[in-house]
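User: Please show me how to read a few features of a protein model, giving the general idea and then the case here.

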Amino acid sequence: MAPGVRRIEIRQNGIVGTLFLPPGEHDFFTFPTKCKSCNGSCLATWGYASFSLAYIGHKDLPGPQNRINVGDPYFNSAFQLLQDHPQVYPDRIGIIGLSFGVYLTLRLASHSGIKPSCLICINGPAGSTIKLTDADGKTEQMENDQKYWTYDDQGNLEHLTCPLMYIVGEDDLSASSIENANLIEETLSAAGKSQLFTRLSYPGAGHLIEPPYTPNSRASLWSVKPQKRKPYHRALFYIEPCRILYLFSYQVKYETGYCNIEYVTTNESINDHTAAYFVVPAVVTLWGGHLAPHAAAQEDSWKKILEFMETNLRH
């Protein structure tokens, strides 16, 4: 976080998040984010008041933590909180969403009646990939053994009225980002709003396109505490034929997208059939991204994000 940036934890009227204010006492352009706090602090470094909003998996939100228990009124209240802030321009507020946050960003801009100045969407779905339980957008719990995602709600994309930048990692292994970008572009074009859509597409980049120099994780665990079991005999662990995934210090067996995981807790040769294993009910998710092109995509997209914000928030 840059010198002078102020970090303020928000717990107000049920809203949970972190507000970052740039140095100084003047009014700020605002960019509420549905992504990590580090992204918000980076935006504040460039002069944007930034609100990183929690919506799932946080101890101060209604439980259980494996589903979205807040709906449209929660996101509308967060937007209103920024509009009411004395150092924020109320008519120059944008929204950025990463992954499932893309759906929430599009929903907020097309369903709720609020009018953001611009949207930035990074590798996420145009519709909800989790079954909704009510009209406000609350969801069922995320299934650990889910192999295929389908849209439960595709929103009203044709109702968007502000510029939208969609960033695509062409090696995204988590979301069908190219297809989602195509869907959004086609919908806006059919509504006579093609001028609102901007696409950035990066070959070799994965799902988690974040600010420059953020380390990329091509795959990660989705959960769980290991349960030690009696050692047994086992040979190699494969993800795909002739490809072994090294995740931390473990070899992981991966089966058709989502699976149970078996950890080996020894540094012995992977051909040692007598190693002890831990069996874990868990899933691995693949994010994608090759190191060099992903790093280049983060640098280039960050510059263009700032240019997009400059055009749509400052002018």
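## Burial, rings and strands

Analyst: Start with Y103, which counts as buried at 1% relative accessibility. Buried means under 20% relative accessible area, exposed over 50%, and partly exposed in between (1.4 Å probe, protein chains only). The model is predicted: local features need pLDDT of at least 70 and side-chain atom pairs pLDDT 80 or more, while totals for chains, interfaces and linings use all residues. Residues are numbered from 1 along each chain as its sequence is written, and side-chain values use heavy atoms, without hydrogens and water.

User: How much of the chain counts as buried?

Analyst: Of its 315 residues, 51% are in that class. The chain has five helices and 15 strands. These are DSSP runs numbered from the N terminus: helices are H or I of at least four residues, strands E of at least two.

User: How do I read an aromatic pair?

Analyst: A pair of aromatic rings is described by the distance of the centres and the angle of the planes. Rings of Phe, Tyr and Trp (its six-membered ring) pair if their centres lie within 6.5 Å; planes under 30 degrees apart are stacked, over 60 edge-to-face, and the rest tilted.

User: How many aromatic pairs does the structure hold?

Analyst: The structure holds three. In one of them, Y74 and F75, the ring centres are 5.4 Å apart and the planes stand at 80 degrees, so the pair is edge-to-face. Both Y74 and F75 are buried. F100 and Y103 make a tilted pair, with 5.4 Å from centre to centre and 50 degrees between the planes. As for clusters, Y55, Y74 and F75 form one.

User: Where do F100 and Y103 lie?

Analyst: Both are in helix α3 (residues 100-111), three residues apart, which is about one turn of the helix. F100 has a relative accessible area of 10% and is therefore buried.

User: How do I read a charge over a ring, and which residue lies over the face of Y89?

Analyst: The test is that NZ of Lys or CZ of Arg is within 6 Å of the ring centre and within 35 degrees of the ring normal. R92 lies over the face of Y89, at 5.6 Å from the ring centre. In another case, the charged end of R314 sits over the ring of Y48, at 4.5 Å from its centre.

User: R314 is in α5; how is the span of that helix read?

Analyst: The expected span is 1.5 Å times one less than the number of residues. Helix α5 (residues 291-314) has 24 residues and reaches 34 Å from its first C-alpha to its last, close to the 34 Å expected. Among the buried residues of α5 are H294, A297, W302, F308 and L313.

User: Y48 is in β4; is that strand mostly covered or mostly open?

Analyst: Strand β4 (residues 48-53) is mostly covered, with six of its six residues buried.

User: How do I read strand pairing, and which strand pairs with β4 over four bridges?

Analyst: Two strands pair if DSSP finds at least two bridges between them. Strand β2 (residues 15-21) pairs with β4 in the antiparallel sense over four bridges. T18 stands opposite S52 in β4, and F20 stands opposite S50. β2 is also mostly covered, with seven of its seven residues buried. I15, G17, L19 and L21 point one way from β2, and V16, T18 and F20 the other way.

User: What does β2 do on the β1 side?

Analyst: Strand β1 (residues 6-12) and β2 pair in the antiparallel sense over seven bridges. Q12 has I15 in β2 as its bridge partner. The hairpin of β1 and β2 has two residues between the strands, and N13 there takes a positive phi near 55 degrees.

User: Which loop holds S99, and what is its phi?

Analyst: S99 is in the loop between β5 (88-98) and α3. Its phi is near 65 degrees, a positive value in a residue other than glycine. With a relative accessible area of 23%, S99 is partly exposed.

User: And is Y213 buried or exposed?

Analyst: Y213 has a relative accessible area of 70%, so it is exposed. The place of Y213 is in the loop between β8 (197-202) and β9 (219-221). Phi of Y213 is near 75 degrees, again a positive value in a residue other than glycine.
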